[in-house]
Structure formats: C-alpha cells, structure tokens
Amino acid sequence: MAASSADQKDKYRSYLYGEGEKNTKWRFGAPPNYDVVNKLFEEGRTKIWPPGSLEEMVQNLLKTYEMELFHKACVDDFKSIDPKKFTLSLNGRKGLGLEDIKKLGGGYNPLLQSSLPEEFQIYKPSEETEDSSHRAFTTTFPRGFAVEILQVYSGPPQIVYKFRHWAYMEGPFKGHAPTGELVEFYGMAIFGVDEHMKIVSVEFFYDPGELLGALVKGAKIENYAGEMTTGCPILRSTG
C-alpha cells in the first residue's frame with residue numbers, strides 16, 4: 001500500500017511525508033513508495049557517502065528533485081526547486097522552464113531529447129505523454145531506476161557532479177522482450193542553487209542512446225499490445 005502516515009520518512013528524500021505535505025497534490029493520488037528502489041540502490045551502489053558529507057547532501061537533493069518533478073502535480077508544492085526560476089537543459093540545449101517541460105509531455109520526454117530524425121528514434125518524445133512515458137519505464141524497470149552520486153567536483157552555488165543511473169530490464173519496452181540484464185548509464189550534471197539550496201537550474205550531460213540501446217536488445221514480441229497500466233504506479237519509482 002502507498003505511504004500515508006504523517007510520521008513516515010524516506011531515508012534519502014525530503015518533502016515526501018509529514019505535516020508540510022498534508023495538502024500536497026500527488027500525480028497518482030498519494031505519495032510514492034520508494035522501498036523497492038531504495039533496496040535496489042542499497043544493493044547496487046558503488047559508493048557509501050559519510051552522513052553529513054557534501055556528496056550525501058547532493059545525492060539526496062538529486063533524489064528529492066526527481067521525486068518532486070515526477071510525482072508532485074502542482075508546482076506550488078515543489079520545495080527543492082524554485083519553480084519561478086527553474087530551468088532544465090540536456091547536452092547544452094536551451095534551458096526549459098517548467099511550462100516548457102509540461103508542453104514536451106513531462107516525464108522522461110525532456111530527458112530523452114534527440115537530434116536524430118524521428119524515423120531513427122527508439123523512443124519518440126513527440127508521441128509520448130507524461131502517463132505513457134511513466135508507464136513505459138515503470139513496466140520495463142519494475143524495481144525502479146536507481147541513481148547514485150559518484151563524485152562531486154564543486155559545492156554550492158554551482159554543484160558539479162558525476163552520477164550513475166541503473167536498473168534491471170525485467171519488463172518489455174516498446175515491443176522488445178525483457179532481457180533481465182543490468183541497464184546503466186553515466187553522466188555529468190550541474191545544479192545551480194540559491195542561498196536556500198533550492199535548485200534554480202540543472203544541466204545534464206549524457207548519451208540517451210546508452211540507456212535506450214540497451215532496451216532494444218531483446219527479441220521483438222509478436223502482437224505486442226503496449227505497456228499495460230500498472231495497478232499502482234506510485235509503487236514503482238525513479239531514483
């Protein structure tokens with residue numbers, strides 16, 4: 001069941017439970033439960049950062065930011081992000097504000113932009129909605145999509161860091177059978193933060209093909225009907 005008690009707490013994310021979130025509008029009706037992906041993270045991480053370290057702080061900020069962006073329906077409920085100033089860019093592209101992200105369909109769409117012609121794209125952001133995007137990846141990665149910080153190169157206000165995302169492909173993706181294999185990719189990012197440690201900008205640098213290429217290694221499924229709607233999407237989470 002989804003978490004609802006005010007005294008619950010996630011080990012790695014802020015602004016998820018408690019009195020401050022009692023009026024939060026959740027995209028799927030309730031706060032996400034990260035127990036499964038936290039287990040994946042703890043079993044597969046390559047770094048354990050000391051409590052209170054800059055690396056731990058940045059890692060938790062990244063996880064909190066991803067949680068809010070994917071699961072909070074109203075920008076007024078964002079607390080790790082300054083919604084009025086926030087911009088996101090991928091691989092040096094022009095920064096996108098929250099309204100621009102919404103126009104792109106939200107979800108994974110702004111994170112998987114490609115300069116390839118559409119006929120060569122494995123994942124086509126222009127054809128995906130926030131819900132279909134979320135469904136595609138939660139179906140493919142039923143245990144979630146874990147993330148860790150590998151190194152932090154500079155502290156606030158410009159936080160430069162290296163990260164690793166990973167999961168196991170245990171469900172189909174766009175008509176390709178699951179392989180059960182580890183899927184991972186590495187990247188660099190820059191968080192611009194204000195004096196309150198709220199994120200005002202994020203720049204990601206990575207190759208989306210490193211992720212997507214691994215998802216089409218499985219055989220094509222005959223008569224594939226598409227990703228099924230999960231009964232409880234809040235149980236399958238990113239980060």
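Mentor: We'll start with the overall fold and then go to charged pairs.
Mentor: This is a predicted model, where local features need pLDDT of at least 70, side-chain atom pairs count only at pLDDT 80 or more, and totals for chains, interfaces and linings use all residues. Residues are numbered from 1 along each chain as its sequence is written, and side-chain values use heavy atoms, with hydrogens and water left out.
Trainee: How many helices and strands are there?
Mentor: The protein chain has 5 helices and 5 strands. Those are DSSP runs numbered from the N terminus: helices are H or I with at least four residues, strands are E with at least two.
Trainee: And what's the order along the sequence?
Mentor: It goes α-α-β-α-α-β-β-β-β-α.
Trainee: OK, new topic. How many salt bridges are there?
Mentor: The search of the whole structure gives 13. A salt bridge here is a side-chain nitrogen of Lys or Arg within 4 Å of a carboxyl oxygen of Asp or Glu.
Trainee: Which residue does Lys11 pair with?
Mentor: Glu42, with the closest N and O atoms 2.5 Å apart. Lys11 sits in the segment before α1 (35–44) and Glu42 in helix α1, 31 residues apart.
Trainee: What about Lys72 and Glu68, buried or exposed?
Mentor: Lys72 is buried at 1% relative accessible area, and Glu68 is buried at 0%. Buried means under 20%, exposed over 50%, partly exposed in between (1.4 Å probe, protein chains only). Their side chains meet in a salt bridge, 2.6 Å from N to O.
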